[in-house]
Every structure is written in structure tokens, then in C-alpha cells.
Amino acid sequence: MEVVRRRSFGWPIMALMLTCALLVMLPKVYSVRYIVGSRFGWTTFNKVNYTNWVKDKHFYKGDSLFFVYDKHMMNVLELNKTDYEQCNTDHPLHNWTTGTGRDIVPLDTTKTYYFASGYGFCYGGMKVAIHVEKAPLPSKAAPVHSGSTNYIAYHGFSG
């Protein structure tokens, strides 16, 4: 008579399955990539007021900025506050220009970032100050009543 043995996976496999199940149940963590100037991008041609553009937004550590502009005419420079206020782009803290006109700036520190375009465009209003905060802790969800749909969005942590 042939004996069939059943292989037991044991506790390591069970622990792995439990870990996977817990990860699926955690709240979704995400960051936001903002297109600077929205549909107009990083430009002076459409008279974008970047001070007004940032007013209704909250920027959190882990978010990023997407600068879209004419690569032959403009650039993206990070400045200190004094140079930002005076539109002095001669000594930037960082030149984010990659040469493609499509530059992504990670907001990985809680601080106020100051960006401007050189070549005189800063004087035309092509500058923006972005205050980055620590992401808020997610609040507890209210109980869901039958028949209603609630959507809970968490602005997550990136590190």
C-alpha cells in the first residue's frame, strides 16, 4: 500500500499570509505631484499668479512639484528667501533644470522652498514660495451607516 504524505507548510507560511493580509488592510498612503501653474505651467505668457496658485493648496513632506515650461527660454532655480524677494537668480541654492522643460522637484523637507526662473522672468512674476508641512495624522473614520457611502482619503507619510 502506498502512503501519501501531505506536506505541512507550518508557521512560516502562515506568518507570511497574515503579514500580507495586514498590509492590505492598512490605509492607503500617497503623495501628491502638483503641476506648478496647473494647466498653464511655469510661464509668464499666460500671466499666471503663482502666489494665488498656492493659496488653496497644502504641501506636505513627500509631495513633489512638476514644472512644465519652454526648455529653450526658462529654468527652475531654488533660491534663499532674500534672493527670492529680490529676484536675484545669480547664486541659486539648487538648479532643478534638467534641460527637458519637465522638471520634478521632490518636497522632502519641511520648510519653505523659494523657486524662480532666471533670465529676467522672475521680475515678470515667475516665482513661487512653497511652504511644506509635516503630513497630518489620519483622523479616525466616522462609523458608516447602512445605505451611505463614505470615502476616506489619507494624505500619507513618505518617511
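These legends describe close-up views of a predicted model. Local features need pLDDT of at least 70, side-chain atom pairs count only at pLDDT 80 or more, and totals for chains, interfaces and linings use all residues. Residues are numbered from 1 along each chain as its sequence is written, and side-chain values use heavy atoms, with hydrogens and water left out.

**View 1. The largest nonpolar core has 23 residues.** Such a core is a set of buried Ala, Val, Leu, Ile, Met, Phe, Trp, Tyr and Cys residues joined through side-chain atoms within 4.5 Å. Buried means under 20% relative accessible area, with a 1.4 Å probe and protein chains only. Trp42, Phe59, Leu65, Phe67, Phe115 and Ile130 touch the most other members. A second, separate core of 7 residues includes Leu77, Tyr84, Cys87 and Cys122.

**View 2. Phe59 and its contacts (heavy atoms within 4.5 Å).** Leaving aside neighbours within four places in sequence, Phe59 is in contact with residues including Tyr34, Trp53, Leu65 and Ile130.

View 3. Strands are DSSP runs of E, at least two residues, numbered from the N terminus. Two strands pair if DSSP finds at least two bridges between them. β1 (residues 33-35) runs parallel to β3, joined by 3 bridges. Leu65 is the bridge partner of Tyr34. β3 and β6 (residues 102-106) pair in the antiparallel sense over 5 bridges. Here Leu65 stands opposite Val105.

**View 4. Charges over rings: NZ of Lys or CZ of Arg within 6 Å of the ring centre and within 35 degrees of the ring normal.** The charged end of Lys111 sits over the ring of Tyr113, 4.6 Å from its centre. Lys127 lies over the face of Tyr84, at 4.7 Å from the ring centre.

Terms used: Buried means under 20% relative accessible area, exposed over 50%, partly exposed in between (1.4 Å probe, protein chains only). Helices (H or I, at least four residues) and strands (E, at least two) are DSSP runs, numbered from the N terminus.
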